[in-house]
Amino acid sequence: MTANAGALSRTAFPQIDGLAYGGDYNPEQWSRDTWRDDVRLMREAGVNLVSIGMFSWGLIEVREGEFDFSWLDEILGLLHDNGISVDLGTPTASPPAWFFATYPESRVETAEGTKLGFGSRGMVSPSAPAYREAIARISGALAERYAEHPAVVMWHIHNEYGAPVSQDHSPASNVAFREWLRERYGSIDALNEAWGTAFWGQHYTEWDHISTPAATPTVANPSQKLDFHRFSDHQLRQCFITERDAIKRFSDLPVTTNFMANQHGGVNLWEWAKLVDVVSDDHYLVAADPHPEVGLAIAADLTRSVAGGAPWMLLEHSTSGINWQPTGIAKRPGEMARNSLAHVARGADAVMFFQWRASRKGAEKFHSAMLPHAGTDSRIWREVEKLGADVRALAPLKRSRVKADVAMLWDYESFWAQDLEWRPVDDLDHNERVRAFYERLWRDGFTVDFALPSHDLSAYPLVVVPAQYMLRAEDAENLTRYVENGGTLVVSYFSGVVDENDGVHEGGFLSPLRDALGVDVEEYLPLRRGTSAKVVWADGSSSDADHWQEHLRVSGAEVLARFGEGGGKDLPAITRGSHGSGHGWYVATRMSTDALADVFRGVYADAGLTPRDLGEGLEVVRRESDADAFTIAINHSETDHELAVAGEDLLTDERAESFTVSAGTVRAIRTSRH
Amino acid sequence: MTANAGALSRTAFPQIDGLAYGGDYNPEQWSRDTWRDDVRLMREAGVNLVSIGMFSWGLIEVREGEFDFSWLDEILGLLHDNGISVDLGTPTASPPAWFFATYPESRVETAEGTKLGFGSRGMVSPSAPAYREAIARISGALAERYAEHPAVVMWHIHNEYGAPVSQDHSPASNVAFREWLRERYGSIDALNEAWGTAFWGQHYTEWDHISTPAATPTVANPSQKLDFHRFSDHQLRQCFITERDAIKRFSDLPVTTNFMANQHGGVNLWEWAKLVDVVSDDHYLVAADPHPEVGLAIAADLTRSVAGGAPWMLLEHSTSGINWQPTGIAKRPGEMARNSLAHVARGADAVMFFQWRASRKGAEKFHSAMLPHAGTDSRIWREVEKLGADVRALAPLKRSRVKADVAMLWDYESFWAQDLEWRPVDDLDHNERVRAFYERLWRDGFTVDFALPSHDLSAYPLVVVPAQYMLRAEDAENLTRYVENGGTLVVSYFSGVVDENDGVHEGGFLSPLRDALGVDVEEYLPLRRGTSAKVVWADGSSSDADHWQEHLRVSGAEVLARFGEGGGKDLPAITRGSHGSGHGWYVATRMSTDALADVFRGVYADAGLTPRDLGEGLEVVRRESDADAFTIAINHSETDHELAVAGEDLLTDERAESFTVSAGTVRAIRTSRH
Amino acid sequence: MTANAGALSRTAFPQIDGLAYGGDYNPEQWSRDTWRDDVRLMREAGVNLVSIGMFSWGLIEVREGEFDFSWLDEILGLLHDNGISVDLGTPTASPPAWFFATYPESRVETAEGTKLGFGSRGMVSPSAPAYREAIARISGALAERYAEHPAVVMWHIHNEYGAPVSQDHSPASNVAFREWLRERYGSIDALNEAWGTAFWGQHYTEWDHISTPAATPTVANPSQKLDFHRFSDHQLRQCFITERDAIKRFSDLPVTTNFMANQHGGVNLWEWAKLVDVVSDDHYLVAADPHPEVGLAIAADLTRSVAGGAPWMLLEHSTSGINWQPTGIAKRPGEMARNSLAHVARGADAVMFFQWRASRKGAEKFHSAMLPHAGTDSRIWREVEKLGADVRALAPLKRSRVKADVAMLWDYESFWAQDLEWRPVDDLDHNERVRAFYERLWRDGFTVDFALPSHDLSAYPLVVVPAQYMLRAEDAENLTRYVENGGTLVVSYFSGVVDENDGVHEGGFLSPLRDALGVDVEEYLPLRRGTSAKVVWADGSSSDADHWQEHLRVSGAEVLARFGEGGGKDLPAITRGSHGSGHGWYVATRMSTDALADVFRGVYADAGLTPRDLGEGLEVVRRESDADAFTIAINHSETDHELAVAGEDLLTDERAESFTVSAGTVRAIRTSRH
């Protein structure tokens with residue numbers, strides 16, 4: 001079951017035995033002696049794939065148009081001789097010093113007019129003609145030389161598109177923005193209408209008068225800013241396509257680029273997934289999160305969902321602490337393996353790290369690695385070796401597919417729009433809402449597919465909508481049909497507000513879902529910070545809520561609970577509409593994962609779902625191949641749990657009718673489907 | 001009684017029956033069908049005045065010098081046909097795209113050198129010659145065309161001068177600043193003396209070496225910054241005058257512009273009030289304020305005071321929540337009416353909103369309106385209709401004047417100076433002090449006129465000085481004479497510090513008021529944050545205080561209380577001087593509204609004032625015409641209160657010897673003065 | 001005993017009788033009448049030295065190359081006639097308006113590209129050729145004219161080098177940075193190696209491609225930023241040398257400039273101290289510090305240490321509150337004297353203030369002064385007079401030297417490196433660690449010399465290393481030899497991490513000190529904020545700790561305590577290694593001054609030191625001349641303490657076998673050493 005109808009049906013994957021295991025490898029930082037040490041240790045750890053070259057433009061194209069492939073020839077040969085395959089990167093995420101010096105006008109310009117220079121991780125303007133030309137040249141040159149190299153099994157274009165900067169106000173960006181808008185709108189009148197330029201006197205008569213939304217006296221036109229988000233994403237995709245096409249002229253190997261799923265909101269992965277042969281993701285635990293395994297699950301489910309359910313590659317994660325968060329928390333013993341195998345459970349057929357060997361210099365020397373500064377006499381190295389063996393043992397999982405229970409909407413464009421300025425309060429947080437609802441499902445043992453509101457959702461008994469501020473009329477119709485045909489829909493507050501141009505729907509807030517839900521919204525009633533919006537149920541019991549209330553206008557829904565405090569006291573808080581043969585629930589306030597349990601009892605009943613009574617902290621996901629089912633159980637807790645699944649644990653070769661999943665460990669049980 | 005001697009005696013007011021009721025109307029955002037809907041609903045709601053055109057420059061002057069008045073003709077005709085008058089705006093607060101494209105050098109430049117572009121609410125440099133020329137042209141063109149239009153009853157120049165930017169560091173601003181300084185000082189020596197340029201080596205020998213106080217290595221010369229405030233205000237006033245004079249060539253209708261009283265500190269309304277025919281104000285509740293009705297009262301009293309006591313127009317407020325504060329709190333049922341009528345109580349003869357119909361697009365679509373997104377089947381619309389009827393019923397109030405009891409000083413120039421960097425602590429807050437003292441008076445039932453220290457204050461029994469950091473010697477003499485002649489003066493700490501150039505008075509802090517108060521200040525003793533400055537009275541009782549202490553030098557005053565804690569322990573805290581036949585009180589620490597009650601018992605006794613024992617949350621203000629007195633009572637609380645005033649309630653037509661003011665409601669009692 | 005081997009042996013000091021007493025004097029701000037008043041009051045207060053001229057460039061060089069010395073001649077004569085000597089300043093910290101106007105390209109440019117203009121305390125680019133030429137001209141002109149003036153006893157170059165801006169990204173700075181790098185590295189390959197440019201694709205092929213680390217898309221190369229710190233310091237030193245050499249052409253008087261010891265981290269005072277004839281310091285209490293006397297002691301010890309133990313001059317401190325901190329706390333009665341005499345106790349032979357007379361205008365009018373705005377009828381003036389007498393009485397201390405007990409490392413370069421971005425956590429704070437360890441020693445009655453890790457430390461029984469992130473291999477060898485030869489070394493966490501280029505040491509964190517300590521670090525384990533890292537000792541007792549833990553790899557050290565909580569639970573927390581005849585202690589977590597008492601009991605035992613049981617808040621320091629020992633005791637507490645030292649109190653002329661040091665007072669006991 002997959003919701004991402006737009007994604008290509010995928011069979012591409014790099015030619016490797018079993019699952020991929022390895023990481024980013026930056027031989028340019030090390031001596032030839034270290035290279036030999038590296039390949040020996042890679043073999044010890046079971047590494048079968050490394051990503052190479054992402055930051056070596058200046059060492060390959062040493063002057064504009066002048067190439068030196070010697071060191072790359074050498075390391076590829078050495079790796080190949082040792083049976084290690086290569087995911088060969090294009091180095092376009094960081095153009096060399098000579099590029100910045102020759103084409104200073106290609107630099108990214110901030111909204112305040114500061115030009116961002118060389119000496120960092122140095123992206124330039126994705127709209128700069130000189131950059132487009134240069135990336136085609138370097139990508140093509142690499143592909144031409146290494147298309148037939150026996151070590152190379154995949155192309156890795158660029159690195160983390162959109163990081164560290166995704167928006168650019170340089171002159172080139174302004175020119176391209178105007179072209180993009182002309183393409184999008186056809187006429188200046190259409191643009192004026194879409195952007196609502198009548199407000200605050202922003203009417204345009206000439207395309208040339210339009211600029212990127214750089215610094216202005218107060219907030220800029222929100223529709224313009226939303227389009228600038230779309231444009232910025234589009235320009236990055238054009239860069240990707242430029243490189244991909246340059247490579248495809250010489251090579252048929254699969255092409256990927258590393259996404260950042262839920263960790264970078266600047267690019268619309270639903271569109272990007274259509275462009276790659278294999279979907280890949282980078283994921284880093286959020287140190288401040290007391291339950292980072294839930295954030296990890298969201299990332300993995302989202303990656304799999306944009307991939308249309310196909311196996312994907314975890315191209316980067318960390319063996320332990322990272323350097324760029326305020327507090328870089330080290331992973332506890334066993335945590336790295338739990339993280340890695342949780343990604344596998346949710347569809348990854350590759351477990352890769354940033355990076356193989358910790359860098360002695362540069363900005364990320366305090367980022368953990370497979371081979372730490374402390375060397376092989378270290379906890380991390382011993383766990384890396386053990387994980388290599390585990391990954392090898394999981395080869396039977398390859399190409400099997402994850403079985404999801406529930407769909408949840410995740411719409412980058414809506415998030416971009418919601419995050420603009422001057423909403424009713426300044427701390428509406430879609431990620432927080434997604435997390436609260438997702439964690440409810442995670443704790444109840446359900447696996448989630450993410451989807452767009454335009455997707456065919458008919459196969460899911462339940463669709464959860466935590467934050468869909470922007471909802472096109474036709475997408476609202478899609479959701480309405482879903483309910484009409486028997487589906488159960490749960491919608492959270494501040495959804496269904498605007499159309500694709502950030503214009504409030506005629507008829508008012510939530511009006512496009514009035515039929516599906518039996519309510520719409522008369523007025524938003526944000527709460528004074530620090531106050532409560534208690535929810536009182538018909539039976540007199542209550543649930544905690546805060547931050548937000550709405551004044552609902554009920555047109556047929558059953559009012560299940562009302563507000564017990566706040567400006568909305570006595571007004572409806574939670575409603576259940578009936579439409580066709582399905583039900584539309586609406587939650588008009590902010591409820592925590594705990595409090596949502598009171599809502600979801602009824603939701604599950606409507607959807608015909610039964611929560612799984614797993615032990616606390618036990619994560620269980622199912623992958624299926626034609627012949628087998630695989631149950632991966634990860635125990636994040638400090639107590640042992642029982643798992644009532646019969647079969648063979650691929651990690652220990654044990655066979656049993658049920659298994660104990662010891663505290664902190666993982667089981668991967670294979671069961672025949674026949 | 002009025003303190004603003006500088007204000008013109010005013011009789012001008014737009015020709016409308018009764019009080020004005022309506023709001024900003026932006027027909028350019030809507031279809032012709034919606035226009036017809038709008039005028040029908042305006043009539044239903046009792047709207048008799050709308051403000052039009054403030055953001056439509058580009059739709060009128062479609063190319064430089066090329067005008068299209070067709071749509072404006074049409075909507076003015078439609079409004080007139082429906083009996084709705086028009087406050088016609090000049091659209092100069094947001095020049096069109098073609099202006100920015102043609103005159104990019106006119107853009108505002110920040111202190112850091114960023115040029116602020118188009119696409120927002122787009123003010124340009126008020127000093128730019130191209131802008132001055134353009135505003136004269138558009139204002140004149142509008143006046144020429146519509147001077148005789150029967151719908152038009154008033155001119156509304158620009159919008160909220162000073163917002164969103166009031167200071168500009170562009171080349172044009174630098175040129176104009178130098179001209180302004182040359183005018184002000186005559187000689188470069190005089191400037192060096194005024195600015196104290198001997199400090200830190202800032203001596204000037206040439207006018208051309210002077211620039212606006214843009215980015216510097218550390219804090220800039222405070223006298224220069226103060227003059228830049230004055231200059232910036234002056235330039236905006238010159239823009240106003242340019243437009244006003246262009247209009248007056250064609251029209252005798254009253255001219256206004258919408259002030260922001262206590263909500264934007266960038267312009268000196270005492271000076272602005274001299275330039276307009278009618279004073280107008282915009283006011284928005286501060287959502288974070290638990291008692292926003294007190295802030296509203298300050299705004300209204302200040303507006304009336306700068307108007308010299310003449311009736312004024314509330315040109316903008318909101319029907320409910322607003323979008324540009326961190327948390328946009330919706331108004332509770334009845335709150336909009338209480339707000340509107342509190343403005344009327346304090347002198348407004350117009351109740352207008354931003355805006356008539358909620359915008360579907362743009363930056364302010366989450367700002368409430370008279371006609372909300374939810375349409376007419378909504379609480380807001382029903383209250384708007386009800387308020388229209390109430391306003392109509394209050395027609396007898398028209399042109400009556402508010403009776404104030406007490407004067408309080410409010411000096412924009414002093415506030416500008418106090419807010420500069422490197423005062424003894426970085427969180428001295430004049431607004432906080434004004435609020436604390438004002439709220440004391442509000443709770444005790446007194447109505448306040450605001451005044452400058454140069455005004456004739458002799459008619460007031462009590463003058464309160466919450467924050468007068470800058471005090472010219474001649475103004476100190478005025479206050480001293482006030483005391484000498486029997487007045488009661490209450491002065492709060494950090495007053496009387498500097499002269500008009502931000503130079504400390506010779507003789508030390510507070511020395512200009514030494515005669516009036518019988519104390520001056522030897523040294524400031526700010527408190528470590530989080531510590532207390534308890535005040536202990538002669539009888540051993542104590543009052544809370546914090547943040548600030550002073551080392552007073554007593555020269556004749558009676559020491560009423562001393563500090564009980566902090567670095568100033570045992571030093572005098574509250575003193576009462578006697579001078580001539582009056583008394584000068586000094587409060588050398590920060591006391592809350594509650595604690596100030598302990599001070600004001602004695603102050604009222606000296607001033608011969610008796611606090612009114614109104615119920616908690618009952619606001620009572622008196623307006624008087626030649627024939628009648630009007631007592632407006634607004635009950636902000638959730639309990640009913642009694643009002644011992646005999647007469648006729650204009651809102652209900654009830655007549656009685658006394659009235660119950662029910663929780664959350666308003667009474668407007670007319671009593672004959674004869 | 002002195003650790004700063006690099007410092008010149010110093011005998012230079014201005015020719016004054018006794019200790020110097022006075023302050024900055026800015027006659028250019030005052031009238032001739034005031035001048036006469038000033039010198040009269042200076043005599044009353046015992047002032048014998050004033051600093052003049054630091055901010056008067058534009059009043060001397062009135063146009064480029066055109067000088068007016070008349071007013072300076074006059075004031076110098078007046079001072080000389082009254083027996084007051086002059087420390088004559090060069091005014092180069094604030095170039096005049098004509099300089100900015102003539103050489104706008106000399107302005108400092110921020111990383112974001114903002115050019116910092118005139119009108120403040122206006123430093124320009126220290127790399128600008130026009131500035132270098134101008135400072136040579138003005139310094140030489142002053143020296144030529146006043147070299148033989150009888151009032152002038154010392155040259156005071158510039159003011160507080162590095163404040164308010166120390167880094168500059170102007171074109172001139174870019175040119176100079178490239179020259180400096182070429183000098184430092186010789187070849188571009190060496191630079192690439194040192195900076196680790198292979199990381200993130202930052203390889204250089206041309207010197208001209210290198211720029212200052214201005215704005216970049218994300219964090220810039222840390223080695224480049226570290227070199228930019230070094231370069232920026234170097235450029236300021238070149239400016240100093242330019243002026244010094246211009247002066248030395250005409251004058252043999254001692255030359256100084258005012259340092260800011262521990263209050264400005266931008267300049268490396270170990271290098272600066274080699275350039276001056278007399279070391280001087282400015283010190284201001286940190287208002288937020290509840291025990292500012294400890295911070296003062298650090299400043300004084302550090303100043304004396306960079307001076308190689310020679311007497312130094314306190315050129316600026318304050319009589320009371322200051323204006324540029326968030327809360328300017330006034331000094332309590334007696335506190336100014338305690339501060340002044342604590343500086344003298346720790347080696348100062350001068351007590352000077354900013355400034356003589358409080359400025360009426362400008363940015364610092366709320367800075368306290370010797371003569372306050374309130375005039376001579378004030379607590380401050382009375383205490384200034386009293387202090388003048390005290391300082392005069394302390395003349396016998398002149399040229400005596402402080403006797404220190406313990407060495408502590410203070411390495412500006414290491415601090416620069418540690419403060420760069422993307423360390424394991426973003427709030428590692430070397431100052432906090434220095435303070436915690438220093439305060440432990442302060443409370444235990446020990447006096448501290450600061451030192452670099454390259455210094456000869458053999459004379460100290462104990463060397464404390466609170467924060468030595470950067471540790472060159474040869475310096476680690478120096479410390480190892482120190483232990484080997486019997487020394488006791490205490491090292492705090494996150495030390496010994498990188499080499500001089502910010503490259504992690506091969507062998508891992510702390511590996512250079514593995515021999516000395518018997519441990520190194522496998523992994524850093526920062527704690528989640530708000531959690532604890534309790535330390536449990538072998539005997540079961542525990543001490544508080546937080547913020548940080550490490551995973552130590554023990555190679556011979558004794559484990560004295562382990563972690564009781566956190567991710568490092570049960571791992572070693574505090575160890576004691578034995579190497580040669582000494583001991584190396586390691587503390588792998590953050591412990592407060594209180595908790596460190598549990599560590600230092602054992603440390604003192606190893607070092608053969610006995611803590612002095614002084615009363616709480618009693619600071620005792622010893623200075624020695626050939627003939628005498630001086631015990632200065634400062635009682636910061638509110639209770640009296642006994643001091644068991646026999647001799648004569650210079651301040652009261654009392655002689656006794658022991659003394660009571662009353663609450664808040666100071667004793668200075670002279671004892672013969674024979």
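Does Trp324(A) count as buried, exposed or partly exposed, and how many C-beta neighbours does Trp324(A) have inside 10 Å? The views below start with the annotated site that holds this residue.

This is a predicted model, in which local features need pLDDT of at least 70, side-chain atom pairs count only at pLDDT 80 or more, and totals for chains, interfaces and linings use all residues. Residues are numbered from 1 along each chain as its sequence is written, while chains are lettered from A and ligands numbered from 1 in the order in which they are written.

**View 1. The annotated binding site of chain A.** An unreviewed UniProt entry lists Arg121(A), Asn159(A) and Trp324(A) under "binding site"; such annotations may be inferred rather than shown by experiment. Trp324(A) counts as partly exposed, because 16 C-beta neighbours lie inside 10 Å (buried means 20 or more other C-beta atoms within 10 Å, exposed 12 or fewer, partly exposed in between, with C-beta atoms placed from the backbone). Look for Trp324(A) in the loop between strand E10 (312–316) and helix H11 (335–345) of chain A; helices (H or I, at least four residues) and strands (E, at least two) are DSSP runs, numbered from the N terminus.

**View 2. Asn159(A) and its contacts.** Asn159(A) sits in the loop between strand E6 (152–156) and helix H6 (171–185) of chain A. Asn159(A) is buried, since 26 other C-beta atoms lie within 10 Å. Leaving out residues up to four places away in sequence, Asn159(A) touches Met54(A), Gly89(A), Ala93(A) and Asn258(A) (contact means C-beta atoms, placed from the backbone, within 7 Å).

**View 3. Two helices crossing in chain C.** Helix H10 (residues 292–306) and helix H14 (residues 430–443) of chain C pack at about 95°, with their axes 10 Å apart. That makes H10(C) roughly perpendicular to H14(C) (angles of 65 to 115 degrees). Here Val294(C), Ala297(C) and Ile298(C) of H10(C) meet residues of H14(C), including Tyr438(C) and Trp442(C).

**View 4. Where chain C meets chain A.** In this interface, 46 residues of chain C are in contact with 53 residues of chain A. On the chain C side, helix H8 (222–248) and strand E17 (519–524) are the elements that give two or more residues. A rotation of 120° with 0.0 Å of shift along its axis superposes chain C on chain A (RMSD 0.0 Å). The two copies are thus related as by a three-fold rotation axis; the superposition is by least squares on the C-alpha atoms of residues with pLDDT of at least 70 in both.

Note on methods: Contact = placed C-beta atoms within 7 Å. Axes fitted to C-alpha atoms, helices over the stretch in contact; angles between N-to-C directions. Parallel < 35°, antiparallel > 145°, perpendicular 65-115°, else oblique.
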